[in-house]
Amino acid sequence: MNLSRTNAIILAICALAWVLVVVRIAQHEPVYEPREIVSARDDVQRYARQQLNDLQRRSFHESREFCGVIVEDELGNLSTMSVSEGDIASCQYEYEGRVGITPVASFHTHGGASIRFDDEAPSLQDLQSDIASRMDGYLATPGGRFWRIDWQSQTANLICDEGCLLQDPDYTPCPAHEPAGQYDIKRLQKRFRDTPSRC
Ligand SMILES: [Zn+2]
């Protein structure tokens, strides 16, 4: 076998290996094209409200947060990617990008009623993480309040008050924790600085 023939064989093997690598990357990392959400905000909100209401009883019973991501398919249908179990004061949702699926909003519950936590409003971290992920967020509290975090205006907005979602039977209103109807980051920082966490 002469030298140029050996070189040609080595180059052919390299080319084949490269093709295999590209094919494997294409199989495992599908091209993800973010697109505009077509669902109306009211539809997303209605979906989130139902999803959260369905999780409230279990959230009270197990004294833990539940969270997840609402996604939209190419036809504009909404669904929940997965529901994660958190602990008493936090929850980490799982999101796996897929072709044709667009993340629309996050949601989470605040577990069961507790006099140890000021949990009738979104936490500062709730607001900051939704802004960072450029996604609206929905929240259900033990008192049955329903909140929307609007990442674009960077505000948390009370959609409906005490008892509009399922309420923990152990919930007793705490006058010191009575939330305002809207918070931006500054007002939320002030709330948690000035409000004792225990009622
Ligand atoms: Zn929260």
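**Close-up views of the predicted model**

**View 1. The bend and span of helix 2.** Helix 2 bends by about 35° at Q56; the bend at a residue is the angle between axes fitted to the seven residues ending there and the seven starting there. The model is predicted: local features need pLDDT of at least 70, side-chain atom pairs count only at pLDDT 80 or more, and totals for chains, interfaces and linings use all residues. Residues are numbered from 1 along each chain as its sequence is written. Helices (H or I, at least four residues) and strands (E, at least two) are DSSP runs, numbered from the N terminus. Just after helix 2, S63 adopts a positive phi of about 50°.

**View 2. The buried residues of helix 2.** V44, Y47, A48, Q51, L52, L55, Q56, S59 and F60 of helix 2 are buried. A residue is buried if 20 or more other C-beta atoms lie within 10 Å of its own, exposed if 12 or fewer, and partly exposed in between, with C-beta atoms placed from the backbone. An α-helix has 3.6 residues a turn, so residues three or four places apart point the same way. Packing partners of the buried residues of helix 2 are strand 1 (66-72), strand 2 (78-85), strand 3 (102-109) and strand 4 (136-140).

View 3. An open sheet of seven strands has the order 2-1-3-4-5-6-7, with mixed pairing; two strands pair if DSSP finds at least two bridges between them. Strand 2 and strand 7 (182-184) stand at the edges with a single partner strand each, so one side of each lacks a neighbour in the sheet. On average, neighbouring strands of this sheet are turned by 20° against each other, direction ignored.

**View 4. Strands 5 and 6, with the helices on the sheet.** Five bridges join strand 5 (residues 146-150) and strand 6 (residues 155-160) in the antiparallel sense. W147 has L158, in strand 6, as its bridge partner. Helix 3 (residues 124-132) packs on the sheet, touching strand 3, strand 4, strand 5 and strand 6, and its direction makes about 150° with that of strand 4. Helix 4 (residues 185-194) also packs on the sheet, where it touches strand 6 and strand 7; its direction makes about 100° with that of strand 7. Axes are lines fitted to C-alpha atoms, for helices over the stretch in contact, and angles run from 0 to 180 degrees between N-to-C directions; contact requires C-beta atoms, placed from the backbone, within 7 Å.

How values were computed: Contact = placed C-beta atoms within 7 Å.
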